[in-house]
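Visitor: Hello! Could you walk me through this structure, a few questions at a time?

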Amino acid sequence: MVDLAVSGPAQRPSRWQAGFGRGGQRLWLGSALVVLLFLVALLAPLLAPHDPIEQDLLSAQLPPAWMQGGEATFPLGTDSLGRCVLSRLMYAARTAVAVALIAASLAAIIGIAFGLIAGMFGGWIDQGVSRLIDVWMAFPPVLLSIVLAAVIGAGLTSVIAAIVVVDWTRFARVVRAETMVQLQRDYASAARALGLSRGQILRLEILPNLVPLIVTLFAVEMGIAILVEVILSFVGISVAGDIATWGGMIVEGRQVVYQAPWIMAFPIGCVILSVIGFNLLGDGLRAALDPVQRR
Amino acid sequence: MTAVLAVHDLHVAIGPRGRAANVLRGASLEVGAGEVRGLVGESGAGKSMLGRAVLGLLPANAVIAGGTIQFEGRDLLAMPEPERRSLLGRRIALIPQDPMTSLNPVKRVGAQISIMLRHHLALSKRDALERATELLTEVAIREPQRVLELYPHEISGGMRQRVLIAMAFACDPSLVIADEPTTALDVTVQRQVLQLVERLRQRHSAAVLFVTHDLGVVAKICRTMTVLHAGRVLEEGETVDVLAKPRHPYTRALLAATPRADRPAEALRPVPPALIESLWSEAHRLDGLAAAVPT
């Protein structure tokens, strides 16, 4: 019997290289911004020129170093209490990243579990989960977060809880739909013909096919989580006052926006850049991991 | 000789309750140990449904309205789900119709084969991969080690079908259901696949239920055959007898309709519409009777 040739060259380009090629500039820019954010958050104590809560009332509201009246020791100037804006931005990045990672992970775990179960079992289980998602999504998310934060009490835990409680639906909805699509595929029924149980099929066959989707969603979700954290700290129900947050800095800067606009401008810029970073990363990953484009 | 598979008077209906359409109307067939039985019929005859009923892979909206399916003397329909599942892939295997979609697109070939081996034979990871290499060698795949490392989209359709055939015979099943395994392949590859199935069947001494609409394929590898139309068995017997002296007018018309390369295309003789009409009206009359009986 004649053997069939293996298609594809013997030396394949690395999957990572190929993936990054498909992701294009979005993926590069997004990853760069996100990596920068994570590095700054991780290394804040090393990078920051000052203690973020060290006050120096004599040098309050200094403009950034390159403007007239600025001082080299405060590269981005100081706020109304004379605290170093750059250092505060860096420490605030830690809060933002912590919230984004923890909240997005928990939302993903809960949402994926519900989505898989609803997608696999269908029937009344699916009906129940779907109605739950519908009802949940009818609430304005930020308002729900505020109510929740007010009920549980202010603090990092309540911010994370609020985000998780609202955003698990994002994962559940998409995972449920995709699970149903994948179950219709021939490989799923072939797996059943191999004698695998439903749980095994979900874990071993379906879930690996959902990874691109989940990774993409996760990146976007981190951006959303950062935004929600900013909103909650803006309205003052996030972490305690002495911990730097971008939302808190925006509030403080708002009061002196006419005298010292940079105090408010810098944290806003940080929020915008990191959310753009996460969205570009999500977009790029979608292209890079798309199984259709992978062949 | 006891039959490996005995389907008796099987009735299957698909669709919502009350408006269900009958797809199998009292179909019966037997497959003896080591026998290769062809199950032929036109599209919609119910031949795939019969195979799927045996495997327990009927669509969710299908109902088995009557009849029995016995495998090695045990009633599959009365069996508890886990017990039946333990037979699938191990004692009863499937060669699926479409090799392009029946492998999980995101898992390497080796991982897919070893999932099954580990599930049914409780092999260690390393033993499973070793066995997988042997299996691929058995289906005449060169460089099996390398193919195990590839993803399904990196190998050709013929190779994928061989991988699926290797998986079907991996646990020495006593019955293999081949659901039109050659339909999605081109003619040259078809022949190789048929030879392969025949060789493996002999080596593993399995019985094969070969579902197909191609009488040429049946003539080539099936010792016995069953002709199905509208969910009913019209004729069955030794392949040589049926093809040489078809008793039922439908079989005769089907044989006459087989296109041949040595005849011009105008000489194609479709099965007479009047014959099909009368067969269907007979089937519907039977439906009426079946519906009338319980009341």
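**Helices, strands and a chain contact**

Visitor: At what angle do the axes of helix H3 and helix H4 of chain B cross?
Guide: Keep in mind that this is a predicted model. Helix H3 of chain B covers residues 109-121, and helix H4 of chain B covers residues 125-138. Their axes come within 9 Å, and they cross at roughly 115°.

Visitor: Are H3(B) and H4(B) roughly parallel or roughly perpendicular to each other?
Guide: Angles of 65 to 115 degrees count as roughly perpendicular. The axes here cross at roughly 115°. H3(B) and H4(B) are therefore roughly perpendicular.

Visitor: Which residues of H4(B) make the contact with H3(B), and how many residues of the contact are nonpolar?
Guide: H3(B) brings Gly110(B), Ile113(B), Ser114(B), Leu117(B) and Arg118(B), while H4(B) brings Lys125(B), Ala128(B), Leu129(B), Arg131(B), Ala132(B) and Leu135(B).

Visitor: Which residue of S7(B) is the bridge partner of Ile95(B)?
Guide: Ile95(B) belongs to strand S6 of chain B, residues 92-95, where it points the other way from Ile92(B) and Leu94(B) and is buried. S6(B) runs parallel to strand S7 of chain B, residues 175-179, and four bridges join them. The partner of Ile95(B) there is Ala178(B).

Visitor: Which element gives the largest share of the side of chain A that touches chain B?
Guide: The contact takes 23 residues from chain A and 34 residues from chain B. On the side of chain A, helix H6 (186-193) and helix H7 (198-234) each give two or more residues. The largest share, six residues, comes from H6(A).

Conventions: Residues are numbered from 1 along each chain as its sequence is written. Chains are lettered from A and ligands numbered from 1 in the order in which they are written. This is a predicted model: local features need pLDDT of at least 70, side-chain atom pairs count only at pLDDT 80 or more; totals for chains, interfaces and linings use all residues. Two residues are in contact if their C-beta atoms, placed from the backbone, lie within 7 Å. Axes are lines fitted to C-alpha atoms, for helices over the stretch in contact, and angles run from 0 to 180 degrees between N-to-C directions. Angles under 35 degrees count as roughly parallel, over 145 as roughly antiparallel, 65 to 115 as roughly perpendicular and the rest as oblique. A residue is buried if 20 or more other C-beta atoms lie within 10 Å of its own, exposed if 12 or fewer, and partly exposed in between; C-beta atoms are placed from the backbone. Two strands pair if DSSP finds at least two bridges between them.
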